[in-house]
Amino acid sequence: MRQSFRIGILVLVAFLRCAPGQGIMARHVETLKKELLSQINRDRARYGLSPLRWDGRASRVAEAHAREMLRERYFSHWDLSGRKPYQRYALAGGTEYNAENLGFASCRPSGPGDHINVRRAVFESYRGMLAEKPPNDGHRRSILNPHHTHVGIGLAFDAGRVYIAQLFLSRYVDFSPPPPQRARMDEERVYLSGRILKKGYSLHAVLVFHEPLPEPLSLWELDRLPRWYTLPEEKMELRPLLPPRKRYRDGSRGKIEVEGRKFRFPIPFFNGPGVYTAVAFLKDPKGTAFPATEVCIEVR
């Protein structure tokens, strides 16, 4: 299970040249992002996969991270606050399962007119991701994940560097009311109520993960973190509630109330303060289970 959440980082170093004009380039950044989206969908179509839709929230989260990396001159899935991609997305109000791809290109100018060709750097980085081979193919698997439905793209650049962030989403569940982003240990139990958006999909189980609260990281610490990120190892499994006389093998009845495509479950604060991340696994019409949510609650 843990391996399925492992997302690698591709660092692509390119030495590229073009005429000056970043001011003109900046006005066409949104067009470049949409061009990259079209290329992603053409490549997905080659493998018989459905196209991804543009997501504004994911794009804003990706853009903010790309800009922070450019401004502070680092490259990592973690940010200066110590948060990982799914924590940043949840803090922005997102609840979908998500996977982040990062790309970076730099050049060493040999003359006053040398700087990065942004478009070329973006697509060289993307092609490098798509060309990955197992087992080091985390970016490629994110691009070609059959259960992803949306994507957001962020770009940040200056005369010598380009940062690319892609945030892929799996949108299958709507939560109402929206989950809280923060809670206290002394509060009553927090419940999440969700509805599966697509017919033919069903709830399989929910894993609730626990990890320490994020702490600010220095640039030195960011540079020494792993080149991938994962959900934490500490977790608790929640299963659908069984009728009164039925039991699972461990003697429990389950904790998730299910009615049609609607479900409701408590978030167990099983290990004190920290970040609790609820990942709901659905089954698609073919019976394949996949992660569909990443709801993060910071508990103090």
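This is a predicted model: local features need pLDDT of at least 70, side-chain atom pairs count only at pLDDT 80 or more; totals for chains, interfaces and linings use all residues.
View 1. A search of the whole structure turns up 3 cavities of 30 Å³ or more. Around the largest cavity you will find Arg-83, Gln-87, Ala-90, Leu-91, Gln-181, Cys-296 and Glu-298. Sorted by class, this lining has 3 nonpolar, 2 polar and 2 charged residues. Helix α4 (85-91) and strand β16 (295-299) each supply at least two of the lining residues, and the largest share, 3 residues, comes from α4.

**View 2. Helix α3 and its neighbours.** Welcome to α3, a helix of 17 residues that covers positions 56-72. From its first C-alpha to its last, α3 reaches 24 Å, close to the 24 Å expected at 1.5 Å a residue. Its buried residues are Ala-58, Ser-59, Val-61, Ala-62, Glu-63, His-65, Ala-66, Glu-68, Met-69 and Leu-70. These buried residues pack against two helices, α2 (29-46) and α4. They also pack against the strands β2 (53-54), β3 (97-106), β4 (150-157) and β5 (161-170).

View 3. Is Arg-73 buried or exposed? Arg-73 counts as exposed because its relative accessibility is 60%, and the cut-off for exposed is over 50%.

**View 4. Two cis peptide bonds.** Take a close look at the bond from Pro-134 to Pro-135, which is cis, with omega near 5 degrees. Pro-135 belongs to the loop between α5 (118-130) and α6 (138-143). Another cis peptide bond joins Ser-176 and Pro-177, with omega at about 0 degrees. Pro-177 is placed in the loop between β6 (173-175) and β7 (182-183).

**View 5. Stepping back to the protein chain.** Of its 300 residues, 51% are buried. Among contacts between residues at least 6 apart in sequence, 74% join residues at least 24 apart. The accessible surface of the protein chain comes to about 15,000 Å², and carbon and sulfur atoms account for 51% of that surface.

Methods:
Residues are numbered from 1 along each chain as its sequence is written. Side-chain values use heavy atoms; hydrogens and water are left out. On a 1 Å grid over the protein atoms alone, a cavity is a set of points where a 1.4 Å probe fits but cannot get out, and a pocket is an open set with protein on both sides within 12 Å along at least five of seven lines; lining residues have an atom within 4 Å of a point. Grid points are joined across faces, edges and corners, and a volume is the space filled by probe spheres set on the points. Helices (H or I, at least four residues) and strands (E, at least two) are DSSP runs, numbered from the N terminus. Ala, Val, Leu, Ile, Met, Phe, Trp, Tyr, Cys and Pro count as nonpolar, Asp, Glu, Lys and Arg as charged, and the others, Gly among them, as polar. Buried means under 20% relative accessible area, exposed over 50%, partly exposed in between (1.4 Å probe, protein chains only). Contact means heavy atoms within 4.5 Å. Accessible areas come from the Shrake-Rupley method with a 1.4 Å probe; for residues, only the protein chains shown count as cover. The expected span of a helix is 1.5 Å times one less than its number of residues.
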